[in-house]
Amino acid sequence: MFFERIHSFIEYIFERLPYNVLNRLIIYMIIGFFTALVLLLPSILFSKLYITYRKNKKKLLIQKYSKLVVRFLIDDLSDKELSDLKRIKSKFHRKVITSVLIAIDTAENKVVSNQIRTLYLDMKLNEDSSRKLRKRWHHKIRGIRELSHMRVKKDNKYIMDFLQKPNEILRIESQLGLIKLLPFVPFAFLDSQEKPFTVWEQINVFDLIRKNRIEIPEFTLWLDHWNDSVVMFCLDMIRILKQRESVPKLMELLNHENDLVKGKVIRTLVDLESKEAVVKLKELFVLEELPNQINIIRSIGQLRLESEMDFLVKKSNDEEFKIRMECCKSLALIGESGQEKLKVLAENGDEELKRIIKHVLDPRI
């Protein structure tokens, strides 16, 4: 009866409108939109109510299982309660328990960590985490985090395959997970790093090194890597961690075909205060691009090498303004002898050099 009335209403409208295909199309579209709205509103309302219900339920479950886990840790849980806890089958409940275990776990307390890991394995929650690795990428990330936190190494090979995935977030999580899962060779993933090792990935890895007690390897192991982004990451790590024993290997990289890598090698040698590298750097000076030439000059000043003042004086007459400026700065850094050289240069130099020296020797700078 309802649909008959709707049909009669539509026919009534059509009879009074001039016959036009566009008019009919507009009316049908209005009817379609109205019908969709009538159908969607209840589903949206139901969805919102369901989400709210799940959130509230999750809060209650977190409170419930947090108390049970704490009681388990202080050995205040009865055998029946522990047995009931281990028999839980609900995916939602098991997901909440996993998040509670991770939240309570503290890396500083090994006893607590071992107890939580034992409960995690006894409840076979690791199997839930492993299954997540076979699902969509956001499930994979959750699975990696859970397995790496609980030090479950069964799926290491599977996680390593994610290193070659185009999804950058998944690659980062795989790298961080493998660092935790491979404590004796935490940077083994670098061996198979085929994708460019992005700055964002490098920052995340370094942040994990800084926050966790991870055994630091000799990063010279990867300086021959075919992936230049991996080499540049290792150079940064050598520089930041002051791995001065890497200098001989760094000297070999001064002939690297990639100018970006070569420039970073020079900066690393300077920061490591490698005086033996200066002779080699001077030999390469003429062959280098301007940024690397400036780094070579800067290294002499930073290392306070009086023996190289003649080289700086000679290059202060270069046609390139930046080279002249850096030579004067380096002479000033060397100390009194370098500053005396600058005063002599100021007496005999051209107007531009005089202005540079005046600027460098200005005590206000």
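**Exercise 1. Which residues is Leu190 in contact with, leaving aside its neighbours within four places in sequence?**

Solution. 
Step 1. Know the model. This is a predicted model: local features need pLDDT of at least 70, side-chain atom pairs count only at pLDDT 80 or more, and totals for chains, interfaces and linings use all residues. Residues are numbered from 1 along each chain as its sequence is written, and side-chain values use heavy atoms, with hydrogens and water left out.
Step 2. Contact means heavy atoms within 4.5 Å.
Step 3. Read off the partners. Leu190 is in contact with Phe197, Trp222, His225, Val230, Phe233 and Cys234.
Step 4. A nonpolar core is a set of buried Ala, Val, Leu, Ile, Met, Phe, Trp, Tyr and Cys residues joined through side-chain atoms within 4.5 Å. Buried means under 20% relative accessible area, exposed over 50%, partly exposed in between (1.4 Å probe, protein chains only). The largest nonpolar core has 94 residues, and Leu190 is among those that touch the most other members, with Tyr65, Leu101, Phe187, Phe189 and Val205. Helix H11 (residues 228-240) gives the most to this core: eight residues.

**Exercise 2. Describe the setting of Ser229.**

Solution. 
Step 1. Locate Ser229. This residue lies in helix H11. Helices (H or I, at least four residues) and strands (E, at least two) are DSSP runs, numbered from the N terminus.
Step 2. Classify Ser229. Its relative accessibility is 16%, so Ser229 counts as buried.
Step 3. List what Ser229 touches. Not counting residues up to four places away in sequence, these are Lys195, Pro196, Phe197 and Gln202.
Step 4. Look at the polar side. A polar atom of the Ser229 side chain lies 2.7 Å from the backbone nitrogen of Phe197.

**Exercise 3. Sort the two faces of helix H19.**

Solution. 
Step 1. Find the buried residues. In H19 (residues 351-360) they are Leu353, Ile356, Ile357 and Val360.
Step 2. Explain the pattern. These residues cover an arc of only 95° around the axis, which puts them on the same side of H19. The arc is that of the directions from the helix axis to the C-beta atoms. An α-helix has 3.6 residues a turn, so residues three or four places apart point the same way.
Step 3. Turn to the other face. Away from the buried side, H19 carries the exposed residues Glu351, Arg355 and Lys358.
Step 4. Find the packing partners. The buried residues of H19 pack against helix H17 (321-334) and helix H18 (336-348).

Definitions and conventions: A polar contact is a pair of N or O atoms within 3.5 Å; within protein, one must be able to donate a hydrogen and the other to accept it, and residues adjacent in sequence count only if both atoms are side-chain atoms.
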